[in-house]
Every structure is written in structure tokens, then in C-alpha cells.
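Grab a viewer and work through these exercises one by one. Each has a task, then a solution in steps.

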Amino acid sequence: MIMNRKFLTFLLILPVLFIHTRCNQGGGTTGALGASNAAEKVYIAPGEKDKYYAFMSGGYSGQVSVYGLPSGRLFRVIPVFSQDPEKGYGYNEETKPMLMTTYGFIPWDDAHHPKLSQTNGVHDGKFLFINGNNTPRIARIDLTTFETTEIIQIPNSAGCHASPYPTENTEYLVAGTRFSVPIPQEDVPINSYKENFKGTFTFISGGQEHGAMDIAFQILVPGYDYDLAHSGKGVSHGWSFFTSYNVEEENTLLEKTASQYDKDYIAAVNWKKAEEYIEQGKFREMPAEYYHNVYSDRTHSATSEIKKSVKVLIPEECPGMVYYLPTPKSPHGVDVSPTGEYIVGSGKLSADLTVHSFEKMIQAIEDEKFDEVIDGIPVLNYDAVLAGVVQQPGLGPLHTEFDGRGNAYTTFFISSEVVKWSLETYEVLDRQPSYYSVGHLMIPGGGSAKPWENGEYLVALNKITKDRYLPTGPELAHSAQLYDISGDKMQLLLDFPTIGEPHYAQAIPASILAENQVQAFPLEENEHPYAAVRESETKVERTGNEVHVYMTTIRSHFAPDNIEGIKAGDKVYFHVTNLEQDWDVPHGFAVLGNNNAELLIMPGQTETLVWEPQNTGVYPFYCTDFCSALHQEMQGYIRVSPPESDIKLTWGLGDEVFGE
Amino acid sequence: MVQNKINLLIASLMIGGMVFSCSGKKQPSGLRETQSQNNKPVSYEQAVEDWRNNKGVGPIIDIELDPVDQAMVARGNEVFENNCTACHLPYKEKIGPALVGITERRTPEWIMNMILNPEEMVKTDPICIGLLARYNAVMADQNLDEEEARAILEYFRTLKIDPQEDPS
């Protein structure tokens, strides 16, 4: 089949080659060949499948969207930190606890950096993690169900931006505070910043196992803005790196005041050393409340646990744990090469790109080449740790990823371009424009120890779209741009709109995930306390003014589908179990006038909707997901009577009617 | 479950392939043994009459029936209760037909293929096509495995007479 397609492609291209040759004879260099060649590279014929899954953050949408590469087709939106009216996440009773925090229920947060779980530094396809930026949290997405299954809140933090960037074997996920704040929180004047504000680096354990995330320890650090992170790998395994800006420790007009000094710092944290200090009991137990929310695919429900304290390490009491690497000017991304040796700091206001050497860093620590010590943190000598500088590669460098062939690719926000450079010579090898203002970039596996296929594709994640698509009023879709980077020069292949802001992304070969997909939840494993796993278990129960309806769905009826004896002012819980056991047969549930939500129930799952009818009458309910040829017949009625009425509670299907 | 699906797919592909290679044209394969060379559609009545020669289409090619195995009957009863009773009852029509006496009007292979491969059966088997016209509802695939389908068949073998019609 592949041979056939290739041959067909060849036949299709032949005339184009011809035309192109003729154009060239005329002295013109049209884009005809380029366009056709690019189209061929991204075309996935109907019924064929993409080579990669790409997971793109929705940025301010609080979600993750799933695309195919190279086609750029959207497959799914996974709600993480925001309610989702397509799936009921955060609306149904079962998933509401997922969005609980010490601040209460948070319906919408800002999601930033998706990162795949790793084994030996290689993406293993088990989980995707992503940080909630505004109300600090880290979420786990299960890659067999594409559902958010765990969220842990990060205490003593504000602006959880430098996160989650797992260590080589997902021993830890990390979280650095973008906004320093009083720790613990207290009511102090804002201009007492220098005196009272602190930052933290949090290390979260349990990444390898569903339900096991926990705050292992926090490190209290000077009150800078900690921007981004990356954990070491290979030679630098055991270390994590965090960029900082605002080492000036200003609290107003940062646009100007946080850019006064020539250099800010990349913090290098020796987390194995930190583990030793924890072992030795050199931590302070600090009261700090935070939520840990876990979803189960057996109970189809989430539960919340409120934790009460964290272990905090102070650098002054723990020598050898944290060092600062001076890095010009307000570095944003800190990216570690596949071998773990090079640490690229993108000083966003710097003309040059700074590359530190891990080996030199270790030597400088041994030789105690410290320029100064800040709150117990030695500042290493810049020249002693520097591996090299890429001279004037562009304007506004932000992020770097790698192809595994010795090349690095850096985005430049201000000059809107992606620049390829050599990790050996620090020479610029190629540059291609982005449309426009690229932020992060993503090469499948390009931030790990193993870029897939030695760097085949690069996706630029753009912040501004302007004139690239048909205009849609003042708000425009953001965009992702796909480049072929397999050759010496990068080639722009495709430019596709995304959901929210495609802040950062990950991609993994489809072959690793596709065969592990859950198709239905086995009914015999359903442990939901209100499940009816067969029609004979359906019933309606009243306790005071609370009514529980144990309902089932199957193509194409509800059981029960006629209910009487509900009273205005009752609180009615519809616990709906989908009895289907086949792939891609969800059922929906909606009842007239419900001011809460609807349901969408996967095969074998139970979900609950709360309905509080205020007025008497007969209310229809129906299936909202076109399920079968008789979908339109999939409906029922509920009679709501006055509170004082003596209508008995009855329920039934067909000629079978039951009562209390 | 996924493996089960793949097996099913392979089986249906193989059968589809066989039909394809015989006639060079895809046709309802449910009656391949009775009229595989004939392109004329078979009526429901004809198909019902000729049920002994219809094994359906799906993974089950041939079943040898031993004397009824009571342990398997109990297992089949349980699987039936859990997966089928939303639409089928043993002695009463619900969404689909009552199943009493089914083993007296369908072959064991047809019954198991109907459970394991309903989607293709509904599209290609002349009895199924006729039943769809009468009952309107399409049978759901509950993703049972062969062991479960076989147990249901064993349970069906015990549903010969409606106990309400036969007080003895």
C-alpha cells in the first residue's frame, strides 16, 4: 500500500516537475514545486492516520488540545483546569472535586506547559503533565483515556510558571514561583517586597504512578521571578534548572525596573543533595494547606484530600544544594541538550544566546569559583561556566529545542523567526520566518534525551496571527506552524489555527499511544456508588426532598423513561449509567430547564446531574449525542407536582411500572 | 477487549475476502452456503425457512454441541442478565424479540455471530435485515468475547418452553 501511494505521488508530481522546470527556464522561481511538495508532506488521505500525536496547551483556555502531525487536524480537547461544556468536566458531580482548591472551586485557569512522562529521559507515553499558572497546580492526564485524572495544588507559590518539567525518570515534577510573595502569606505593604517576599522551588514526587503525586519538598529562595525550568538528563541527571528575572526585586513597573542589571540567574538545583538533606531531617515542617484531587476510572468519580504541611529546605542550612549561573538579560527559557551537557539560557533582552556547560559548572563548583553568595546560594563565575555564545542570532530569544543531530533551534519573538544553530560551532545555520511572534517551539522529543527520528518536524507556536486566516472579528485564532527540519534548511509546510493559545506542546509517535486506548469502561468494574449496571437495578429513591434516580442508557432508550412523584423544590440527582460496551457510543442526557449542565456518558461510565425543578409540569429529557437510528426516540418524561401533592413516586419503562 | 476487537476484525476481513474472491462482488454473505453464486436478494421468509443452512457472518465458523453444561448455563445466564436485558427478555418481547426457542429457529453459529458481530450481521444477513424492518432497532455490540457468547448460547438452549405456558 505504501509503495502504491509513493508511486501515485510520483505520478502526480511528474507534471509539476515539468512545469517547474519550464518556469525556471523562463527565469522565474515560483513556489509551485515548494507548495506541492509541502502539500504532499502533510497530506493524510481519508482513512489514513497521522504519524504523531501532538498535545498543545490551550494557554488561557485552561485545556489541552490534541492534534495529528503532520496534518494539523484537531482530534480532541482535553479539559484540565477549566470546565468543559462539551464533556461535562467540572459540571457533573463526579468531576467537580477536580477543580477544588484552598481558594474554593476554580472554573477557569491558565494552562501552560504540557510535558510527557519520561523513563531514562525518553518520553514513555504514560502520562502528560501540565501546570496551572494562576492558581498553582499540576495536573496529570492519563494517555489511555485522554482524561485529567489527578491535580495537586502547589502551596507557598504564586504564578506556577516554571513547571512541570519532569526529571529523567519522572522522579519529580518541578514548580518554580513566577511571582514571589510573602511566604507564608501575610498582610504586608507591597513595597516591603525586598524584605518580605520569597520564591520557592517545589519538587513533586509520585509522577510515575496515578494518584501518587505529593509535595516532596520545597526550597525557599530569594524573591525573584522564576520564569521557566528544565530538569537535567544524562550527565546532568540529578539537577534541575530554573531561570529568573527581576533579581532587582522590584514590585512596580517591572517592564522597566526589572531590566536594570546586566545579568539575572539560572538557578541550578542539586535535587539528589536535597533528598539527602530531607533524609537527614534538615527541613522545616511548615503549615500549608493544599488540595490533592484524584479521579478513578472505577468509581468514575474524583475525590479531594486536603493536606496540611510541607517540608521546606533553606539554602543557607543546606550547602551544595542551589547555585546561581549568571545569564544575560532576563533569561526566559532554560533548555538542556539531549546529552544533558548544554544548558541554553535565552536572555530575552540580550543580543546573544548564552550556552552554559554542565561539566564546567561542576568544575567551577569544585574550584569554588564564586563571585558572591546570596542567601546561602553561591553565584558561579560567568566565564567559568560558559560553554559558548551564539552571536546576534535574532531579537528576543525565548526557547530552544534539539534535533539529536547536534543542532539547536531557537525561537525569536521580536524578529518572528526560528533559527537553527550548531551546538558545536555556535554558528547560525538557517533561519525561517514565523507568522507571527513565535513563543515556544516543539520538536517531537526535542526537549528529551531522544528527539524522535533525529528531528523530523518542528512546530512553532505563535502568539499573533493578524492577517493569516479569514478574519473573525477582533479575536483571532492563534496558530501553529509546521516545518520539515529533516534537511539542511528548514521548510515551512503548514500553518494551522489552534484552540486558545498554543502555549507549549509535546508530540509522540502515534504507535506508542494508539494501541493502548481504552474503548469502553467494563461494566463489571464499575464501582460508582450510584451505578445501575443493568436495567433491573434502576430505581428512584427519595430521602426528604432529595431524590436519587438510578438510570441507565442503551441504544435507544432510558430506563426508567417515565417518572412521576417529583415535587417542585426537590433536589433530583440523575445518576446515569451508560450500559453500552462498544467503542464510540456515548449517550447524552439533558432535561428541560436545567440551569446546571448536561451529561455526556462514556460506555460503561456513570455520571450525575443535579436538577432542582422549581415549577410544576411535565419535563422531557433526551439523549443529546446522536447515538443510533432511533436517537430521536431516545427520550422520556418527568412529572413535577406541587410540594403538597400526594402523587406517589413511580418510575417505569414500557408496561413495567414500579413504585415506592 | 481491544484484542477481541482485532480478532473480530481479522475474522470479518477473512470472510469478506473469501466472499470477494468467490464472486468478485461483495454480496450478503450470511447465506453464502445456500446461494453464494446467486446475486438475487433473498427474502426474509425464504431466509427464515432455510435457517438450518445459515451460520451468519462473523468469527464463528462451526460449533459442535455437547449435552447441556449446567455450569456454562449459569455463566450464560449471568452474562445475559448483565449485558442483554436492556433490550432482550427470555420470555417476552422488549426492544428485540423474546429469546425462548431461539435454538429451534437459528443455528448455534448464527446466534454467536449475531452476539459477536451484530454490526455486520445487520447489514448483510437476510434474516437480520428482515428483523430490523420488524423491530426497527439495531442490535448493540456489547463487546463480549467468544467464551461469553458461547455461554449465552448454552443458556439459550435451556429456554425451550415459556414456564408460564407450561405450569409443569
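**Exercise 1.** Leaving aside its neighbours within four places in sequence, which residues is A:Phe241 in contact with?

*Solution.* Before starting, note that this is a predicted model, where local features need pLDDT of at least 70, side-chain atom pairs count only at pLDDT 80 or more, and totals for chains, interfaces and linings use all residues. Residues are numbered from 1 along each chain as its sequence is written, while chains are lettered from A and ligands numbered from 1 in the order in which they are written.

Step 1: Two residues are in contact if their C-beta atoms, placed from the backbone, lie within 7 Å.

Step 2: list the partners. For A:Phe241 they are A:Ala229, A:His230, A:Ile266, A:Ala267, A:Ala268, A:Val334, A:Val336 and A:Ile343.

Step 3: A residue counts as buried if 20 or more other C-beta atoms lie within 10 Å of its own, exposed if 12 or fewer, and partly exposed in between, with C-beta atoms placed from the backbone. A nonpolar core is a set of buried Ala, Val, Leu, Ile, Met, Phe, Trp, Tyr and Cys residues joined through C-beta atoms within 7 Å. The largest such core has 124 residues, and A:Phe241 is among those with the most contacts inside it, as are A:Ala54, A:Ala267, A:Val269, A:Leu458 and A:Val459. A second, separate core of 71 residues includes A:Ile566, A:Val572, A:Val576 and A:Val585.

**Exercise 2.** Is A:Thr243 buried or exposed?

*Solution.* Step 1: locate A:Thr243, which sits in strand 16 (residues 239-245) of chain A. Helices (H or I, at least four residues) and strands (E, at least two) are DSSP runs, numbered from the N terminus.

Step 1: count. A:Thr243 has 30 other C-beta atoms within 10 Å, so it is buried.

Step 2: look at who's around. Beyond four places in sequence, A:Thr243 is in contact with A:Asp227, A:Leu228, A:Ile266, A:Pro331, A:His332, A:Val334 and A:Gly345.

**Exercise 3.** Which strands does strand 46 of chain A pair with, and which of its residues make up the covered face?

*Solution.* Step 1: find the partners. Two strands pair if DSSP finds at least two bridges between them. Strand 39 (residues 562-567) and strand 46 of chain A run antiparallel over three bridges, with A:Asn562 opposite A:Gly652. Strand 46 also pairs with strand 47 (residues 656-659) of chain A, in the antiparallel sense over four bridges, and here A:Trp651 stands opposite A:Phe658.

Step 1: check the turn. Strands 46 and 47 of chain A form a hairpin with two residues between them, and A:Gly654 in the turn has a positive phi of about 60°.

Step 2: sort the faces. A:Trp651 and A:Leu653 are on the covered face of strand 46 of chain A, with A:Thr650 and A:Gly652 on the uncovered one. In a regular strand, side chains alternate between the two faces of the sheet.

**Exercise 4.** How many helices and strands does chain B have?

*Solution.* Step 1: count the elements of chain B, which gives eight helices and zero strands.

Step 1: pick helix 5 (residues 108-116) of chain B. Eight of its nine residues are buried, so the helix is largely enclosed by the rest of the structure.
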